[in-house]
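Me: I would like to go through one structure by question and answer. Please take it as shown below.

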Amino acid sequence: MVTLEKKPVPTTVLPAQPTEIAVMNPVTGQVIGSIPIMDAEAVRQAADRARAAQPAWEALGVKARATLMRHWSDMLWDDQKNAIAVIRRETGKTELGAWEEVAVIDTVVSYYYKHAARFLRPQTRRSAVPVRHKARVYYKAHGVAGFITPWNYPLNNAFIDLIAAMFAGNTILLKPSEITPFSAQYAVDLMYKAGIPKDVIQVVTGAGSTGAALVDVVDYISFTGSTATGKKIAVKAAERLIPCSLELGGKDPMIVLNDADVDMAATETLVGAASENTGQVCISTERVYVEDGIYDRYIEKIKQYASQLKIGSGDGFDVNIGSLTNERELLRAEAQVKDALAKGAHLIYGGKRRPDLGPLFYEPAILTNVDHSMDVMREETFGPIVPIMRVKDADEAIQLANDSEYGLSAAILTKDLKRGEQLATRIESGDVHVNTTHWIFGTPGLPMGGVKNSGMGRRNGPEGLLRFVKPQSIVIDNLLMQKPTLARVDGFMLKGALLLRRIRRAFPFLPLE
Ligand code: NAD
């Protein structure tokens, strides 16, 4: 008899899945806390709570919601010292940069506090059968709106879209970036203290898998982040046929015309490209086209002003450049500088790490002799890099500005304001600034968003609120002279329609459309 030797069954031990993500202070490199990674089931449960809370939140009415939101923004304003500390601890940004985040939230809430009720008011429209039909539009919240947000402005980018969604009557699930989750949690806790019910807004924590789970359970998804992730979200939203808006990356051009104020042009370039949030801004200036006639003077000035920039981690509104937040972006910026230098660019200022200040400090790199064969002129930069290209005239500058897969923001510097405005309309981007940069972000009446690979949908303004509601149209027949008939158009309607047509043709100025 043969006995078969039993071979041991090989077992593979899978590494345990991480359940938490550590959060760092980029200035010190120290861990400042951690967040749980919520799985799909936990996200679904949060969505169930949000869905249950939504009808009462919507029924409260826009005025009552506005009062609560205003109370929250007042509390945030009063607590700005703490808000600034929380933001700075996880981003390493300057004190002024963190204060700007608080100020923008205050401005956006004030804007919708004043206008939301009017934007959401039911409207009467012209009906097809004027005497007999009444045509009305009502605006109803989508239900549960999800927000997936990035790390560069952890307060602004988490709340700037979400505020409008709350005014509109949606309940909210917010997934902040895993790199900077505490600013969002801090501001949501403050909402609870302001009297906003707990299930009206909840933070869900985690990285990409938690974000993906969120898209599976909400009725609207608002995403701010990279173009690559935004495209994945758009595909998932399309599979579920839920509406979405995408605020994505940019490669924003600045055009300096011959008649620009050269000092203004140089300082605005440095603010737009390097000092505002250390260049980690979706709408930062990322390539500069300078007309031949001003080029040499502009280069001298930009070197002069760059040497005056104050870099550091200290307090005070006079610090211009803080730490970068994300090492991945520093490596990307350095790789772009290396690629440009290898292809013939000149580094005329900076471009060095500053380990004496902290692991992620970097002196702005100013590059000249650049062209569109270089990554620095085509790929998004999220760091203080200023590539400058000489152009023969405004037409060439505009053609180069539009030679990009992105279209978020742009700037033109000129003393001829009328010409600046005309040229602005030829640029393919969601917004254009003349003689300044970035103000779109602090101007809540203006719709902000991108074209091409920079996204779709708009935040702020009436557009930014109305994306969070579904219009419902109602046609009411008042039964005047109505008789039972099998015809779609009865005699009364037919006569009325013919008369209306004649009147419209004869008196086109009458408000009959
Ligand atoms: P990112 O795309 O890596 O991450 C953004 C968010 O998406 C994070 O919360 C992340 O956890 C989540 N996420 C990642 N993978 C996901 C997936 N598969 N499904 C669902 N969620 C997922 O972007 P980032 O590095 O955090 O932010 C930088 C980018 O954001 C830059 O490209 C910048 O231009 C862009 N941005 C755009 C705007 C704007 O208004 N247009 C504003 C700020 C930042």
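Reply: Contact here means heavy atoms within 4.5 Å. The model is predicted, so local features need pLDDT of at least 70, side-chain atom pairs count only at pLDDT 80 or more, and totals for chains, interfaces and linings use all residues. Residues are numbered from 1 along each chain as its sequence is written, and side-chain values use heavy atoms, with hydrogens and water left out.

Me: With which side chain does the side chain of glutamate 286 make a polar contact?

Reply: Glutamate 286 lies in strand β11 (residues 285-291); strands are DSSP runs of E with at least two residues, helices runs of H or I with at least four, both numbered from the N terminus. Leaving aside residues up to four places away in sequence, glutamate 286 touches Gly250, Asp252 and Glu379, among others. A polar contact is a pair of N or O atoms within 3.5 Å; within protein, one must be able to donate a hydrogen and the other to accept it, and residues adjacent in sequence count only if both atoms are side-chain atoms. At 3.4 Å, the partner is the side chain of lysine 251.

Me: Is glutamate 286 buried or exposed?

Reply: Buried means under 20% relative accessible area, exposed over 50%, and partly exposed in between (1.4 Å probe, protein chains only). Glutamate 286 has a relative accessible area of 2%, so this residue is buried.

Me: Which residue of β6 is the bridge partner of glycine 146?

Reply: Two strands pair if DSSP finds at least two bridges between them. Strands β5 and β6 (residues 171-175) pair in the parallel sense over five bridges. The bridge partner of glycine 146 is leucine 173.
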